[in-house]
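Work through the exercises below with the sequence and the 3D view side by side. Try each task before you read its solution.

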Amino acid sequence: MSQPQAAVGASVARVDARLRVTGKAKYAGDNNPDGVVHAVIVDSSVGRGRITAVDAGPALAQPGVLTVISHLNAPRLPPVESNGYPPGEPLRAFQDDQVRFFGQPVAVVVATTLEVAQHAASLMQVTYHAERPSTDMSAAPPADDPETYARGDADQALKSADVQLDLAYRMARQHHNAMEPAGIVARWDGDKLTLWEKTQAVQFATFNMAGEFGIPPENIHVISPVLGGAFGNAFRTWVHSVIAVMAARQVGRPVKLVLTRKQLYFGIGYRPAYSYGLRMGSDRRGRLTAAVHDVDSETSSYETHLEDTLVPGRMLYSTPNVKQIHRSVPLDVNTPTWMRGPGYSSGAYPLESAMDELAHELGMDPIELRRRNEPLDDQSNGLQFSTRRLRECYTTGARAFDWKRRSLKPGSRRDGDWHLGMGMAAGVYDTQRAAAQASVRLNADGTALVQSGTSDMGPGTATSMTQVAADALGLTMRRVIFRLGDSTLPPAAGHFGSQTMASVGSAVQDGCDKLRKKAIALAVRDEGSPLHGADTANVEVRGGRLYVKDAPGRGETYQRLLARNNSAYLEVLGSWAPPEGPARYSLYAYAATFAEVAVHSRLGLVRVRRMLGVYDAGRIISPALADSQALGAMIGGLGAALLEHTITDHRDGRIVNANFADYLVPTHADIPDIRAIYLAGGEDRIADPIGVKGLAEIVCIGVTPAISNAVFNATGRRIRQLPITPELLL
Ligand code: MOS
């Protein structure tokens with residue numbers, strides 16, 4: 001029983017486009033429940049040490065100030081049970097006098113207006129016993145619980161390799177810099193708690209907050225229907241949310257707390273800084289024989305955030321001998337967190353840069369080198385790939401990007417004062433999936449409501465789910481409403497890891513298929529229906545009308561069917577979960593990213609002129625939304641390659657560029673001609689019933705090395721750190 005596909009695969013506008021562009025979308029901080037008051041956090045002005053005194057007197061003397069909470073008067077919170085945080089002891093709200101990083105919340109001021117709260121917060125007198133913080137990764141010792149991996153004898157193989165490279169890369173810390181700041185409005189009604197919170201995971205958010213206060217998660221209702229970007233930073237409950245809930249309980253009124261742009265640099269996580277040593281050996285024909293990965297990344301003193309950075313290095317290329325170690329380096333900083341393509345993006349940069357270096361050593365085209373190292377299966381676990389079309393990504397990309405114009409000899413193409421160069425890189429990201437449910441209700445008026453407790457941090461989840469639902473129900477998209485972003489909706493895992501389309505999409509498909517079949521079954525049993533007695537397998541639905549495929553004149557609408565049966569609605573629950581048990585296939589999405597840059601011969605400026613991403617990401621549900629994912633990710637990668645880095649003053653642990661004037665991100669003027677191509681016929685039915693492999697992360701993986709390799713091709717200068725700032729090229 002198949003259905004015509006009209007919405008899936010079509011370039012449709014976002015269903016919430018009008019809501020967003022007219023400013024009617026209600027972000028967390030836009031909610032103003034009756035009696036709402038405002039909270040402003042006071043940040044620590046030392047990077048490590050102890051709070052010795054808190055004088056709230058001047059703040060409390062301001063008219064309109066309702067309370068000041070610090071560790072001196074905060075209620076004691078229960079120990080936190082396992083709640084999805086990284087290993088360690090999460091930062092708690094005002095539970096002791098310790099300062100763990102510069103900017104850590106040390107008090108909160110609650111007042112009737114935001115302005116009074118801000119002013120009163122500025123009057124807070126907090127004194128410290130300050131110590132010198134450790135914030136310099138190159139000067140701090142790593143923790144002694146590294147992640148390791150080995151196959152073969154990499155050290156031995158390296159020694160006897162024909163070509164040997166020994167390379168050291170560094171990557172700066174990056175911040176998500178979403179347009180919408182982290183924020184929450186918290187309201188207690190007796191022992192029930194309502195949270196309008198910016199979150200990528202409405203249901204995880206109830207569990208996390210429940211753990212903080214030792215209350216049942218059922219007592220917490222999280223509402224988060226629209227987000228203004230998150231990229232990973234809104235997946236966990238940060239301490240400011242706990243502070244807002246604590247303050248709301250204290251003052252007996254709803255409390256709004258929104259972090260300032262500055263606070264977003266230390267009040268929520270970020271992509272950690274890395275140092276990455278990579279030794280690589282190959283034979284004369286470019287076949288890799290050995291790779292040794294020696295990786296450090298920063299974490300906080302109280303939690304260990306360690307990403308899957310080593311994965312590309314153990315499965316992207318055929319390499320018989322691999323040895324890897326990844327250590328976390330605890331520093332006096334806030335805990336890092338997932339940021340778009342976490343781990344894989346940081347791991348692809350050194351690997352793909354080193355492949356470019358090896359190609360240059362061998363005088364070989366970098367694509368040819370990669371082709372020679374395509375593995376037959378996943379060497380990290382011996383599993384067959386479900387689908388892997390990286391070779392086609394190379395071929396398609398090389399043709400579309402006119403790769404043949406690239407010169408093998410660096411520094412040989414010029415345009416006036418500008419050196420021109422082209423680079424490319426591969427990318428990989430695992431296809432994550434999780435259990436999800438979706439309720440589907442078909443109303444008597446022929447409209448449908450589909451609901452799931454997932455989120456949309458920006459990709460357009462409601463739109464792509466509406467496309468799937470519309471086709472499966474045989475309705476136009478206008479007749480389908482998809483609701484998300486509420487913890488009371490049917491359960492779905494968090495909106496991260498590029499898993500939403502595969503997981504929730506498959507549940508929506510399941511629910512809508514079930515509902516359509518239920519309606520068809522009702523019709524063929526119904527003596528009053530023109531479809532009475534028809535073969536159910538031969539009935540399809542289009543435009544809300546059920547009909548016999550071979551005799552389209554024989555049929556009726558959902559409305560007539562439901563009206564005649566005195567039915568206000570039909571309802572089902574759809575669900576999907578990935579198969580249990582050991583994995584039988586290796587599931588990944590793949591990318592090849594191409595970049596052309598111009599580097600100014602005297603100023604060291606890098607301008608990206610063109611970029612192209614080619615993706616093996618499974619079926620593409622929504623091409624227009626896919627493009628906004630891919631183009632946005634390439635722009636983000638451009639920022640990471642050339643502009644973004646956090647500058648910390650190691651004397652006190654302060655981030656000195658915690659604002660949009662000094663922390664540079666790409667603007668319109670920096671954006672080149674960018675294009676994305678998705679390999680046709682890409683369904684991966686092994687991954688999930690709707691054949692998608694996830695798109696949000698793979699599109700950002702391999703962008704930084706593509707640009708960096710292009711800079712080498714333009715100039716002959718090999719820069720092994722990100723970002724590539726002009727001074728490095730002078
Ligand atoms: Mo994404 S970093 O998994 O939100």
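**Exercise 1.** Find the loop that holds Pro723, then describe the peptide bond between Leu722 and Pro723.

Solution. Step 1: Pro723 is found in the loop between β32 and α16. Helices (H or I, at least four residues) and strands (E, at least two) are DSSP runs, numbered from the N terminus. Step 2: the bond joining Leu722 and Pro723 is a cis peptide bond, with omega about 0°. Step 3: Thr725 lies in that loop too, between β32 (721-722) and α16 (726-729).

Before going on, note the ground rules. This is a predicted model: local features need pLDDT of at least 70, side-chain atom pairs count only at pLDDT 80 or more, and totals for chains, interfaces and linings use all residues. Residues are numbered from 1 along each chain as its sequence is written, and side-chain values use heavy atoms, with hydrogens and water left out.

**Exercise 2.** Decide whether Thr725 is buried or exposed, and list its contacts beyond four places in sequence.

Solution. Step 1: recall the classes. Buried means under 20% relative accessible area, exposed over 50%, and partly exposed in between (1.4 Å probe, protein chains only). Step 2: Thr725 has 12% relative accessibility, so it counts as buried. Step 3: set aside neighbours within four places in sequence, and Thr725 is in contact with Leu642 and His645. Contact means heavy atoms within 4.5 Å.

**Exercise 3.** Locate Ser353 and name what it touches.

Solution. Step 1: Ser353 lies in helix α8, residues 344-362. Step 2: its relative accessibility is 2%, so Ser353 is buried. Step 3: leaving aside neighbours within four places, its contacts are Tyr169, Ala348, Pro705, Ser708, Asn709 and Arg718.

**Exercise 4.** Trace the strand partners of β1.

Solution. Step 1: find strand β1, residues 37-43; 6 of its 7 residues are buried, so it is largely enclosed by the rest of the structure. Step 2: β1 runs parallel to strand β12 (residues 255-258), joined by 2 bridges. Two strands pair if DSSP finds at least two bridges between them. Val37 has Val255 as its bridge partner in β12. Step 3: β1 also pairs with strand β5 (residues 105-111), antiparallel, over 6 bridges. There, Ile41 is partnered by Val108.

**Exercise 5.** Do likewise for β15.

Solution. Step 1: in strand β15 (residues 321-331), 8 of the 11 residues are buried, so the strand is largely enclosed by the rest of the structure. Step 2: strand β7 (residues 147-151) runs antiparallel to β15, with 5 bridges. Arg151 has Val322 as its bridge partner in β15. Step 3: strand β14 (residues 288-300) runs parallel to β15, with 11 bridges. Val295 has His326 as its bridge partner in β15.
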